[in-house]
Amino acid sequence: MSGARILVVDDEPGVREGCRKILTAEGYDVTVAEDGQAGLERFEAEGPFAMLLVDLMMPRMSGLELMREVSARDPDVLPVIITAHATIDTAVEGTRQGAYTYIPKPFTADELLLAIKNGLERRALALEARRLRADRERRMLELALERSRSTTIITAMPDGVLVINAERLVVLRNAAAARIMPECAERQPPFPMAELASEDVREIVSVVLDAPGGFMILTREIRFGEQVFMTNVSPILEPDGSTSGAVAVFSDITGIKKLETAKSMFVSMVAHEIKNPLAAAEGWLNLVLTGAAKVDRDEERRMLERAMVRMRSLRAMVNELLNLTAIETGRFQLHRVPLDPAAVVAEVVEVHREKAAGKRVTLLVEGAGGGTPVPTVLADRAALSIIVANLVDNAVKYTPEGGTVSVATGREGMYATVSVHDTGIGLSVEDRERVFEEFYRVRSEQTHGITGTGLGLSLVKRLVEQHQGSISVDSEPGKGSTFTVRLPVEGIP
Ligand SMILES: Nc1ncnc2c1ncn2[C@@H]1O[C@H](COP(=O)(O)OP(=O)(O)OP(=O)(O)O)[C@@H](O)[C@H]1O
Ligand SMILES: [Mg+2]
């Protein structure tokens, strides 16, 4: 307590100086003032002080008034009153107003020192108690904040969370869990785990809670209606190693599952698609090699050509798959050069002529050799070929015998357009939105027997978008469809 700062205010110079001497000798840091007003000025200029030693009767400002002013500025200052016998009553009043005690004049050095020592101790205790209280309040606040923060996090989690205690009561369930398991939404925790509808959930939670030695984490795929959840149950362990409950976390893997199914469907589709042309080519080659057909050289040559056609279509298909994965993984590099879309259309149409003729579908290029010139686009030649070829291929494929497929090029504002129109089977509104999805194929009586991977349009859409273009479809079931690709005209930023 030595070194504590004490302000002594008394208009009697003897008392003032006496106090200063006694207290300084004991190691206190003493400041003196001759009346209330001067005391307040000192206090403001030289504070903070631990203790105020104050006379009551002083000119300009009384001791009680000074006490009030000081405690208004710093409530931690402990006032002690020095009082003459005549003012004892006022001193008692002073203690009522917050003074720690009073020392009647005349007093001995020991009396003064004892009062100061006790006062400072009492002040130190009060300060410590307040610090502890503030600490505890802060900790409680932090704890409450921490709790509400974890609750907020758990509530906001997209994964479902259930907490089950050792008594097998569900003590917490978040909003996602309530969505996954409607029975949780209807009940307010705690409720018995037996009321959970899923037998799988009840079972794995029980296994984890009952695990000998206490530590076991279980993971199981659990189906809730249309959705599949990866369900992970972990024990809540106490410091002594015992299990006080379990946490179950439900992550929605429906999308991943669908993708898995789509991928394996895709693989079997590809295998199927490869099998037929491969078998056909093999058959022709076999005929030639074994000489079983007993044919002349011309006939032999035609057989080899047929095998070749099959090999080419196989290679085209493999290329399509490679392109798609290349775009998917960002490995597809576009070499964009100024191109005339009409020229690309003409080439592609030529390639498809034979197939269209074989199906008795009329294949036309509209506006060829006249009309408005089509603007140049900045495009990758191979990509533009793939785009047009897929649209023409589909149009021919999904148009029954006797129909017509026409390809037109044109301009719409800042875009050059290529549209492929057919008089084929058309698309319903729902199918129109989905045909650009990977693997999506319309399954109907009309598409029965038409093979394909369902990848063509998704490849087209991606390529078009890589050119900052767009693709749309206009169609009516039974009447036909028009697919229109828009690519930005060259030179327009
Ligand atoms: N012109 C069209 N008329 C009617 N339906 C179409 C037309 N073009 C596409 N479709 C429908 O959209 C589906 C997806 O077309 P997409 O080109 O992606 O695949 P695909 O033709 O089945 O197979 P791939 O092109 O990979 O050989 C088709 O299966 C078909 O049902
Ligand atoms: Mg196709």
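Student: Where is the place of Pro190?

Tutor: This is a predicted model. In it, the peptide bond from Pro189 to Pro190 is cis, and its omega is near 0°. Pro190 has its place in the loop between helix H7 (182–186) and strand E8 (191–192).

Student: Which residue does a cis peptide bond join to Lys105?

Tutor: Most peptide bonds are trans. The bond in question is cis, with omega about -10°. The residue sits in the loop between strand E5 (101–104) and helix H5 (109–156). The partner of Lys105 is Pro106.

Student: Is phi of Arg168 positive or negative?

Tutor: Most residues other than glycine have a negative phi. Arg168 lies in the loop between strand E6 (160–165) and strand E7 (169–173). Its phi is near 60°, and for Arg168, a residue other than glycine, that value is positive.

Student: Is helix H2 roughly parallel or roughly antiparallel to H3?

Tutor: Two packed helices are described by the angle between their axes and the distance between the axes. For H2 (residues 36–46) and H3 (residues 63–73), the axes come within 10 Å and cross at roughly 15°. Angles under 35 degrees count as roughly parallel, so H2 is roughly parallel to H3.

Student: In which hand does H2 pass H3?

Tutor: The axes of these two helices cross at roughly 15°. The crossing of H2 past H3 is right-handed.

Student: What are H11 and H12 to each other, oblique or roughly parallel?

Tutor: The axes of helix H11 (residues 341–358) and H12 come within 9 Å. They cross at roughly 40°, and H11 passes H12 in a right-handed crossing. Angles under 35 degrees count as roughly parallel, so H11 and H12 are oblique.

Student: Which helix gives the most residues to the shell around ligand 1?

Tutor: The ligand is surrounded by 21 residues, and the closest include Asn394 and Asp422. Three elements each supply at least two residues of this shell: helix H12 (381–397), helix H14 (456–466) and strand E18 (480–488). With 3 residues, the one that gives the most is H12.

Student: How many residues of the shell around ligand 1 are charged?

Tutor: Arg441, Thr453 and Leu457 are also among the closest residues to the ligand. The shell divides into 10 nonpolar and 7 polar residues, and the charged ones number 4.

Student: How much of the area of ligand 1 does the protein bury?

Tutor: Oxygen atoms of ligand 1 lie 3.0 Å from a polar backbone atom of Val442 and 3.0 Å from a backbone N or O atom of Gly454. At Leu457, a polar backbone atom is 2.8 Å from an oxygen atom of the ligand. Taken alone, ligand 1 exposes 590 Å², and the share that the protein buries is 96%.

Terms used: Residues are numbered from 1 along each chain as its sequence is written. Chains are lettered from A and ligands numbered from 1 in the order in which they are written. This is a predicted model: local features need pLDDT of at least 70, side-chain atom pairs count only at pLDDT 80 or more; totals for chains, interfaces and linings use all residues. Side-chain values use heavy atoms; hydrogens and water are left out. A residue is near a molecule or strand if one of its heavy atoms lies within 4 Å of it. A polar contact is a pair of N or O atoms within 3.5 Å; within protein, one must be able to donate a hydrogen and the other to accept it, and residues adjacent in sequence count only if both atoms are side-chain atoms. Accessible areas come from the Shrake-Rupley method with a 1.4 Å probe; for residues, only the protein chains shown count as cover. Helices (H or I, at least four residues) and strands (E, at least two) are DSSP runs, numbered from the N terminus. Ala, Val, Leu, Ile, Met, Phe, Trp, Tyr, Cys and Pro count as nonpolar, Asp, Glu, Lys and Arg as charged, and the others, Gly among them, as polar. Axes are lines fitted to C-alpha atoms, for helices over the stretch in contact, and angles run from 0 to 180 degrees between N-to-C directions. Angles under 35 degrees count as roughly parallel, over 145 as roughly antiparallel, 65 to 115 as roughly perpendicular and the rest as oblique. A crossing is left-handed if the near helix is turned anticlockwise from the far one by less than a right angle, and right-handed if clockwise.
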